[in-house]
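Student: I have a model open and want to go through its bonds and ligands. Can we start?

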Amino acid sequence: MLKARQLISYVHNIVDMALELDENTLDKNYTNDDALFSLRLTKYLPTKNEEQLAFGEHQDFLGFTLLQNDNVPGLEVNVNQTWFRVESKPDTLLLVGGEYIERWTNNYWISILHRVAAVKQLRYSVLFFTGPDMNSFIQTLPCKKCRQQQSKYAPITGHEHLKQKSIAATRN
Ligand SMILES: O=C(O)CCC(=O)C(=O)O
Ligand SMILES: [Fe+2]
């Protein structure tokens with residue numbers, strides 16, 4: 001868990017560089033005890049038929065997720081309304097941006113829609129979900145690329161965002 005947390009800090013440093021932000025801009029949102037880190041091991045049983053999804057389409061809703069798939073394929077990503085299979089490679093970590101990445105970058109980077117398609121055999125994945133201090137405001141970062149357009153999102157705390165998501169989920 002500690003190693004995964006260190007790795008995600010490293011990712012945040014790379015993000016700062018990629019977005020030409022001051023050092024430690026992103027990671028300082030994760031230093032508080034209210035930051036969210038959760039490690040999950042998922043076991044997928046073989047699905048009954050080809051049409052049945054092992055895990056429905058969704059966007060991750062926090063910051064970055066580190067994802068390790070075993071050798072059994074299944075993960076698919078949606079690009080321009082088409083589903084593409086992600087090759088599963090051993091000893092490889094995938095980085096998935098959650099909804100906060102869209103909010104922070106004002107959609108300069110997107111949170112990809114993904115799902116797990118039918119699986120013919122047992123499949124395992126390890127996921128490390130991360131989110132900032134849930135009391136802090138998620139708002140457009142001061143990066144040039146993110147500020148090219150007017151902010152599409154009003155500042156919102158992590159808690160409020162989660163609350164709105166669960167209200168929306170119960171309405172669906
Ligand atoms: O197990 C996988 O490969 C992906 C699962 C996933 O996207 C999730 O749990 O959010
Ligand atoms: Fe996911």
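Tutor: Counting cysteine sulfur pairs within 2.5 Å as disulfides, there is 1 disulfide. The model is predicted, so local features need pLDDT of at least 70 and side-chain atom pairs 80 or more, while totals for chains, interfaces and linings use all residues. Residues are numbered from 1 along each chain as its sequence is written, chains are lettered from A and ligands numbered from 1 in the order written, and side-chain values use heavy atoms, without hydrogens and water.

Student: Which cysteines does the disulfide join?

Tutor: Cys143 and Cys146, with S to S at 1.9 Å. The link is right-handed, at 85 degrees about the S-S bond.

Student: Are those two buried or exposed?

Tutor: Both Cys143 and Cys146 are buried (under 20% relative accessible area; exposed is over 50%, partly exposed in between; 1.4 Å probe, protein chains only).

Student: New topic. What are the protein donors of the iron ion, ligand 2?

Tutor: His58 (NE2), Asp60 (OD) and His114 (NE2), 2.1 to 2.2 Å from the iron ion. Donors here are N, O and S atoms within 2.8 Å of the metal (3.2 Å for Na, K and Ca); water is not among the atoms, so sites may look incomplete.

Student: What spacing do the donors follow along the chain?

Tutor: H-x1-D-x53-H. His58 is partly exposed, with a relative accessible area of 21%, and His114 is buried, at 6%.

Student: And how far is Ser125 from ligand 1?

Tutor: A polar side-chain atom of Ser125 lies 2.6 Å from an oxygen atom of ligand 1. For Asn69, the corresponding distance to an oxygen atom of ligand 1 is 3.0 Å.

Definitions and conventions
Polar contact = N/O pair within 3.5 Å; in protein donor to acceptor, adjacent residues only side chain to side chain.
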